[in-house]
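Work through the following exercises with the sequence and the model open. Each task is followed by a stepwise solution.

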Amino acid sequence: NQNYAGKIAFVTGAANGIGRTTAIAFAEAGAHVAVVDLNGDGVAEVVAAIEAAGGSAVGITCDVSKSEDVRTALDKTVEAFGGIDIAFNNAGIEQQQIPLADLSEEDFDRMTAIDLRGVFLCMKYQIPLMQKRGGGAIVNTSSGAGVVGIAGQAGYVAVKHGVIGMSKSAALEYIGDNVRVNVICPGIIETPMITDRVSGGTEEGQKKMIAQEPIGRMGKPEEIAAAVLYICSDSAAFMVGHAMVVDGGQTVG
Ligand code: NAD
């Protein structure tokens, strides 16, 4: 693990899955962590886990698609810890497997609001705080769906491609202020999104997910957290506007 002693990390979608594991990893590496999620009970559980292990965290219930929620969450983080050095904008929802013409306008708009607008709002209000501190590192969560087309996933593919494009633009706009923006593109990761929902919660569903992975298994949230901690560290100081794919080979062929 990298050393994040004294750093302040803001993690969204932190009540579950990839966000939860990454928030805990940042705390274990010494960071003060803002645990941000729509699910208030989940937030409280993660904060308790971090504190029980001797770490430092503040829990914030927030809907990332709402501007006021995002601004309040950042205010609370500044109040608690004095600023923000790192942001992992990771909150997101999935799409049902469904062709474009059958995808409802409501579902498309909801996905756009959370997975794309949510990342926009977070960056919009994080960047000025980072500029004030002389720099920072942002990682936004895209997906394998951000780099290839997938039948049945047109809406999700659209927003996840959008996350990469927006991040590349922001990376160019703010690297002069020492704010590094990058992206993580996970493959199929063993989280509630996959094991409870996308797979239908069945053993057969899990097997179908694994069949999409050349490596022959799902990824672990820890394998994404490790990449995020690397990208945010000084070891990756020269990495700017990069979309790092960590996917067991899913999008290689
Ligand atoms: P998850 O469903 O296990 O966790 C997502 C968390 O985001 C939940 O705690 C949920 O409450 C929170 N959330 C949802 N909507 C929110 C909102 N409006 N505001 C704040 N928080 C909200 O999912 P995960 O698998 O950990 O996914 C995390 C991210 O990784 C998502 O952006 C997802 O699209 C992406 N991703 C996941 C996989 C995978 O295989 N699991 C693959 C590629 C990309």
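A residue is buried if 20 or more other C-beta atoms lie within 10 Å of its own, exposed if 12 or fewer, and partly exposed in between, with C-beta atoms placed from the backbone. The model is predicted: local features need pLDDT of at least 70 and side-chain atom pairs count only at pLDDT 80 or more, while totals for chains, interfaces and linings use all residues. Residues are numbered from 1 along each chain as its sequence is written.

**Exercise 1.** Classify N178 as buried, partly exposed or exposed.

Solution. Step one is the count: N178 has 14 other C-beta atoms within 10 Å, so N178 is partly exposed. Step two is its place, the loop between α5 (154-174) and β6 (179-186). Helices (H or I, at least four residues) and strands (E, at least two) are DSSP runs, numbered from the N terminus. Step three is the backbone: phi of N178 is positive, about 70 degrees, although N178 is not a glycine.

**Exercise 2.** Give the strand order of the sheet and name its edge strands.

Solution. Two strands pair if DSSP finds at least two bridges between them. The order is β3-β2-β1-β4-β5-β6-β7, an open sheet of seven strands with parallel pairing. β3 (56-61) and β7 (243-246) each pair on one side only, which makes them the edge strands. From one strand to the next, the twist averages 15 degrees.

**Exercise 3.** Trace the bridges of β4 (residues 86-89) to β1 and to β5.

Solution. On the β1 (residues 8-12) side, three bridges pair the strands in the parallel sense. F10 is opposite A87, and V11 has F88 as its bridge partner. On the other pairing, four bridges join β4 to β5 (residues 136-141), again parallel. Here I86 is partnered by A137, and A87 stands opposite I138. The chain gets from β4 to β5 through α4 in a right-handed β-α-β crossover (right-handed: with the strands pointing away from the viewer, the path from the first strand over the helix to the second runs clockwise). As for side-chain directions, I86 and F88 point one way from β4, A87 and N89 point the other way, and all are buried.

**Exercise 4.** Why is β5 described as largely enclosed by the rest of the structure?

Solution. Start with the count: six of the six residues of β5 are buried, so the strand is largely enclosed. Then sort them by face: G136, I138 and N140 lie on one side, with A137, V139 and T141 on the other. Finally, take the neighbour β6, which pairs with β5 in the parallel sense over six bridges. The β-α-β crossover from β5 through α5 to β6 is right-handed.

**Exercise 5.** Describe how α3 (residues 67-81) packs against α4 (residues 105-133).

Solution. Two packed helices are described by the angle between their axes and the distance between the axes. Axes are lines fitted to C-alpha atoms, for helices over the stretch in contact, and angles run from 0 to 180 degrees between N-to-C directions. For α3 and α4 the angle is about 35 degrees and the axes are 9 Å apart. Contact requires C-beta atoms, placed from the backbone, within 7 Å. The residues involved are S67, V70, R71, L74 and V78 of α3 and L121, C122, Y125, Q126 and L129 of α4.

Definitions and conventions
Contact = placed C-beta atoms within 7 Å.
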